[in-house]
Amino acid sequence: MKDQLVVVIGGTSGIGFEVARRVVERGGQVVLGGRDPERLERAVSTLGAAASGRTVDVTDKSSIAAFFEPLTRLDHLFAPGSSYGRGKLLEISDELAESPFRAKFWGQYYAVKNAAPKIAKTGSIVLMAGAYSVRPPVDGAAYAACNGALESLGRALALELSPVRVNVVSPGMIDSDLWARVPSEVREQNVASFSRDTLVGRPGTVAEAAEAVLYLMTNTYTTGSVLYPDGGFSLR
Ligand SMILES: NC(=O)c1ccc[n+]([C@@H]2O[C@H](COP(=O)([O-])OP(=O)(O)OC[C@H]3O[C@@H](n4cnc5c(N)ncnc54)[C@H](OP(=O)(O)O)[C@@H]3O)[C@@H](O)[C@H]2O)c1
């Protein structure tokens, strides 16, 4: 990571922040993106001189373009930042059902589109999906499909953008800041069912997810692959 420039949209919290922290720890520089200016400021000042940041909303194409405009060159892109809802087919509003594709799929698609001309030939892109792609929940068909679409997008972009490497990380439940924000009974229910449904008997940590992303960025012979840091969730 020495002297590498890594862009992390959604780098102000959770998995994205932990990836940024590890990049800086290993001698790299990071540009963070997120919507909330205060959270952004806090994350940048925590990481110190090797970090800078700009606000961006990945549901807005012009905001993504403005975010990348000042950058002339970067080595790696990781853009997990997104927020969305999920629910059952006949119960969820169309607006909420479409939210994973709007934020998580098209957000990453347009981040890649803006970044690709500036990524070093030796660089890489890591897309964020989720293990519901292969083991869907009963209340999130569109969300599961979005994760599957991202895994497919990663393989297609690996072909199109070669020699830049493109990989996908598809975690199971990671006990991040995301879960700290949901009501505690919902988090506990999810921890219990996920623990039951994995081979290692617990959710993952942000450190475990972030290390999977660092592996995909740094392993120079890995492209077009999907990595599942999911404790075996996809097998059960
Ligand atoms: N945690 C899990 O269990 C899990 C499992 C599988 C996959 N994932 C995926 O991992 C990603 C990150 O999860 P996390 O647990 O690290 O969540 P998190 O702690 O809530 O972090 C989300 C980050 O994304 C930013 N963000 C949210 N909406 C955004 C938007 N519209 N535009 C730009 N930035 C936005 C947030 O900052 P602002 O709010 O300030 O914008 C924050 O920096 C999500 O895409 C999720 O699908 C998570």
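Guide: In this predicted model, strand E4, residues 74-78, and strand E5, residues 119-128, run parallel and are joined by 4 bridges. Within this pair, histidine 76 has serine 124 of E5 opposite. Both strands belong to an open sheet of 7 strands, whose order is E3-E2-E1-E4-E5-E6-E7 and whose pairing is parallel. Strand E3 (51-55) and strand E7 (226-227) each have a single partner strand because they stand at the edges, so one side of each has no neighbour in the sheet.

Helices pack on this sheet. Helix H3, residues 61-68, touches strand E1 (5-9), strand E2 (29-34), E3 and E4. The direction of H3 makes about 160° with that of E1. Helix H8, residues 206-218, lies across E1, E4, E5, strand E6 (165-169) and E7. Relative to E6, H8 runs at about 165°.

Helix H7 is made of 13 residues, 184-196, and spans 18 Å between its first and last C-alpha, close to the 18 Å expected at 1.5 Å a residue. Its buried residues are Asn190, Val191, Phe194 and Ser195. These lie on the same side of H7, because the arc they cover around the axis is only 125°. Helix H6 (177-180) is included in what covers them. On the face of H7 turned away from that buried side are the exposed residues Glu185, Gln189 and Arg196.

Note on methods
Residues are numbered from 1 along each chain as its sequence is written. This is a predicted model: local features need pLDDT of at least 70, side-chain atom pairs count only at pLDDT 80 or more; totals for chains, interfaces and linings use all residues. Side-chain values use heavy atoms; hydrogens and water are left out. Two strands pair if DSSP finds at least two bridges between them. Helices (H or I, at least four residues) and strands (E, at least two) are DSSP runs, numbered from the N terminus. Contact means heavy atoms within 4.5 Å. Axes are lines fitted to C-alpha atoms, for helices over the stretch in contact, and angles run from 0 to 180 degrees between N-to-C directions. The expected span of a helix is 1.5 Å times one less than its number of residues. Buried means under 20% relative accessible area, exposed over 50%, partly exposed in between (1.4 Å probe, protein chains only). The arc is that of the directions from the helix axis to the C-beta atoms.
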